[in-house]
Amino acid sequence: MEHIDPASLEALPSRIAYLKNFLDFTSQDAAVLTSIQPLLAPMLPGILDAVYEKLLCFDITAASFTSRNTDYHGQVSRTVRELTVDSPQIQWRKTFMSGYLTHLLEADYEDAKTWEYMDKVGIMHTGKPGFKHREGEKALRVEYVHMSLLLGYLLDLILTSVLDIDLDIPTKSLVLRAFNKLFWIQNDLFSKHYMK
């Protein structure tokens, strides 16, 4: 039996080591994620459209898109009813999620910077300070329920896309399992910043 000191889970490196160990996220999982990139990357625009269409189906999730982001200088739809997936601020947001998904497909999962990036993704919607570009700005807070639902929906879209790729069953299984493990790690890196 391996001993895990609960206090050690406060430090990102030991938390990641524990999460990877518990979920059996291995170098094979990391290799599978990067190997699927050429096949999955062309599907990302459709995945992004589906994500934002879903977010705009509910006023509670669409509401977070009616305020101006720090670095966005274009036109802003002020009501949720005006928003569409083609609205300028939604197009702008898509670039960030596209970057996130691309990062997941190209990351070096042996590099601590990958996990630091994912941890920052976990904190950025909590309203907590710590981001230079948000200094002096109104806190950006999206409740955990919406963030975890977004991760679940995004994972479902990715898994469905992988199922549509022409791969042999053993490879497909490895890819599906690797994404599942990775998204559970990302979900933990959300929840640790929301819950104490």
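Begin by selecting Asp164, which is found in helix 8 (residues 144-164), where helices are DSSP runs of H or I with at least four residues, strands are runs of E with at least two, and both are numbered from the N terminus. This is a predicted model, in which local features need pLDDT of at least 70, side-chain atom pairs count only at pLDDT 80 or more, and totals for chains, interfaces and linings use all residues. Residues are numbered from 1 along each chain as its sequence is written, and side-chain values use heavy atoms, with hydrogens and water left out.

Asp164 counts as exposed, at 62% relative accessibility; the cut-offs are over 50% for exposed, under 20% for buried and partly exposed in between, with a 1.4 Å probe and protein chains only.

Next, select Glu110, in the loop between helix 6 (88-106) and helix 7 (112-123). Is Glu110 buried or exposed? With a relative accessible area of 59%, Glu110 is exposed.

Of its 196 residues, 44% count as buried. Among contacts (heavy atoms within 4.5 Å) with a separation of 6 or more, 67% join residues 24 or more positions apart. The chain exposes about 11100 Å², of which carbon and sulfur atoms supply 57%, the areas coming from the Shrake-Rupley method with a 1.4 Å probe and, for residues, only the protein chains shown as cover.
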